[in-house]
Amino acid sequence: MKYFDVFAESGFHSAFLTTYAFGAQAFEDVPFSRLRGSGCRNIVILADRQMVNQSFAELGPAKFAGSSYHLVKADAPGAFHPKITLLLGAKKGRLLIGSANLTALGLGGNRELVASLSYGEDATGDAHHFAAALNYIRSKVPADDLWFATAMQRALRSSPWLREVMESPFPEKDAAHDVALLHDRPDATILDQIAASVGDDRIERLIVVSPYWDMKLEGLARLRAIMGDPPTDLLIDAASTYFPKSELPRFSDIEIFKVDTSDSKRFVHAKLVIAQGQTWDHVISGSMNCTLPALLGPTIVRGNAEAGIHKRVPPGAALAALGLENYRDAPLQPTDLHDLASATAKRPSGEAYTDGGTMTLQSGRFVWKPPASFVPGSATAITLQDREEVQFGNRIDLVQGGDTAWRLDLEAGRPKSGIVHFADGSASAPVQVIDLDVLAVRTLPPAQGRKKSLTDILAEAMSEDLVLIETLNQLEALELEETGANADPAPKAFSPPSAASTEQVHPILPYDEFVRARSSALAQGSQISGGFFGRHDSPANTLSAALNRIIGLVGLDLDADEDRELKAIAAMDFRMTEPAAPSDAAPSAPQEEPTKPAKATKQAVATAKKMKEAVDAFEARCRLLRDKPISTAELVRLRALLQILLSHAQPIRGAALPTQILPIHTKDSYDWPRLVGRLLKQHFGTVRALQTLQVAQEESEQQRVVEYLAMADWAAKAAATAAASHPKTADLRGPLESLAEALAAQVASIIGTSSEDKRYFDDLTARLDQRFADRLALNPVVCLAHA
């Protein structure tokens, strides 16, 4: 199998990859499109920071990074050099470690060497290597990264076999030695790890393939030393490798051979060591060249991050397996080699590309975090670009000690990259904007089976109906089955999480503590960070997204630009507006005559009574939750019920639509102002929702609270106005007016301290006005109430 063919294999939902050089076009044209096409969407890449900067400066930023996959700029004292591909599925896995970068040459141009391990129902022995590889990748992610924790949680949730292994690590002392994962570690160099893997097996010959070498052959000297200085054969690509041949006389028992005797012009980029022992052939491959920075790693000043694999096979088997059994038939002389010393002397110093830091977009809020090397006051402005590399919006001027977060207008589009400008006239390499809202949707692993059918119902819902609540209940039941939890309405998310799955996620906090922490962070111009797993993967959050879409809050079709360029991938449905149907259109102007509801049919009455039963069930749920901590999932449930009631409520004047089956007054107690009042009383009376609310320390949790408050505030005012309009609802007027006033005061106290929250609340209120005000003939009254 060719290396790039593995990306088209089905059955994987997540991919974690590392690379030194990154070619955005090559990756997006081949591996990325194949991964997406086979259903793998949760994709993360770690690449060397300077190499990403060079690629973006010379070729422009990636088209899909930051929105359809997450690209992390990783650091090491020398180079971030490992090449790992970790593919994860529900019941399978593939781990590839080798020499191939995510570039056109690495994927199909060079001659590379990649070791492959598989996990499956019939091959479970290497599971601990998958856990070790994921832990290694996680260790290289910057601590302030806002997305990796979510990607990792998604992967572990959908791969229970890996989650189990990570929660019960494989005891190192009992590990089998047939295969060992090698990587840079603070407590042991890769040379140390190789020595431990070889053990006391006496090495009789050493064979080394490396495209790059030290000026003094220090790496080779150290490698030979740990093997007992055996006779050594160097396999070199004479046409393209530069070698310090003047250093050879100080070594004994070294011979040189052609690594490739064919007529191929492809550069041999493979890195390989075969130590032929008395008991085993020890095969060491990976990203490590035969150099000190590679073999000693961070224990030296400019050491690299590297990864490789040690595998032992029966003596004499390695060369035949790799097609090198006849290498001694093609000897080389030092005169056949290009001299490294002369090439280094002639080589011009490489151009340095200035790092622009990190740029993040979430809920219309753009945040810039300067690079670690940033000198305060040196940057003067930021210009943003859209996906066509055309300037997006106005230039952002930077003031020393000023803002590092700004609100953007996203009505016409979204920024894809940015450039930082400096006082000396220079500019940074383009920086990919990490668009957390789009990334969260685009990278969701596709649901399967019954879960897919249910999530599709929410994704395609065009109006509010009880089916939303029924679907939520069924999704929650499926989730309970998957996790093995008990069916208890009290949330289970507040027990201490396992270190394996949530190391980088902030803790669960009472809401008042969260508000204090968030206010402090915003005052410093930063963000509340943390995982987005709950927001986008849980049943409640799937419903929340549907409710936002129905009222037109989501705005621009997030998939349009991405899928236009990925025609081979099935487009996801993100319809943002409800189509107007003749039978479901709001009146063109408020009607003056009193409401004249159509004669209630048996079906309408039955549906109305079901809505009353839903309110009864909600009250019972709230009684069980009294004095218990609740999550924002409960806020979404109330919001959904309020939105459903308003969608079926009759107007205070004019003719009712056939779908408006809840009257303002009825003796059967399914009048909508009463039902709205009962719902609101539960959260602002019985449960005391915001006093018992527990939230994860992430910005999306506050968004959900603001959405909940806006819906509750709007519904309370609407119910009070409706009750005041009908002569037979005198008993409801006082309680509903008091409830509306108390709610308005609570809203003011919560959103009054943050201009961001106030702006979002006002936007939500405007959307609710558009959705329901004319429909209920409330427009003048509700507008006055909001004034």
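## A helix pair

Helix α24 (residues 699-725) and helix α26 (residues 755-773) pack with their axes 9 Å apart and at an angle of about 45°, where helices (H or I, at least four residues) and strands (E, at least two) are DSSP runs numbered from the N terminus, and where axes are lines fitted to C-alpha atoms, for helices over the stretch in contact, with angles running from 0 to 180 degrees between N-to-C directions. That angle makes α24 oblique to α26, since angles under 35 degrees count as roughly parallel, over 145 as roughly antiparallel, 65 to 115 as roughly perpendicular and the rest as oblique. Among the residues of α24 that meet α26 are Val706, Leu709 and Trp714, and the residues on the α26 side include Tyr760, Phe761 and Leu768; contact means heavy atoms within 4.5 Å.

This is a predicted model, in which local features need pLDDT of at least 70 and side-chain atom pairs count only at pLDDT 80 or more, while totals for chains, interfaces and linings use all residues. Residues are numbered from 1 along each chain as its sequence is written, and side-chain values use heavy atoms, with hydrogens and water left out.

## A sheet with helices packed on it

Seven strands form an open sheet of mixed pairing, in the order β7-β14-β13-β12-β8-β9-β11; two strands pair if DSSP finds at least two bridges between them. The edge strands, each pairing on one side only, are β7 (179-183) and β11 (254-258). Neighbouring strands of this sheet are turned by 20° against each other on average, direction ignored.

Within this sheet, strand β8 (residues 203-209) runs parallel to strand β9 (residues 232-236), and four bridges join them. Helix α7 (residues 190-198) packs on the sheet and touches β7, β8, β13 (281-286) and β14 (307-313), its direction making about 170° with that of β7. Helix α8 (residues 218-226) lies across β8, β9, β11 and β12 (272-277), and runs at about 155° to β8.

## Another sheet

Seven strands also form an open sheet in the order β19-β18-β21-β22-β16-β17-β20, again with mixed pairing. Its edge strands are β19 (391-397) and β20 (405-407), each of which pairs on one side only. Strands β21 (residues 417-422) and β22 (residues 431-435) run antiparallel and are joined by two bridges, and Gly418 has Val431 in β22 as its bridge partner.

## Cysteines

The structure holds zero disulfides, a disulfide being a pair of cysteine sulfur atoms within 2.5 Å. Cys40 is buried, with a relative accessible area of 0%, and Cys290 is also buried, at 4%; buried means under 20% relative accessible area, exposed over 50%, and partly exposed in between (1.4 Å probe, protein chains only).
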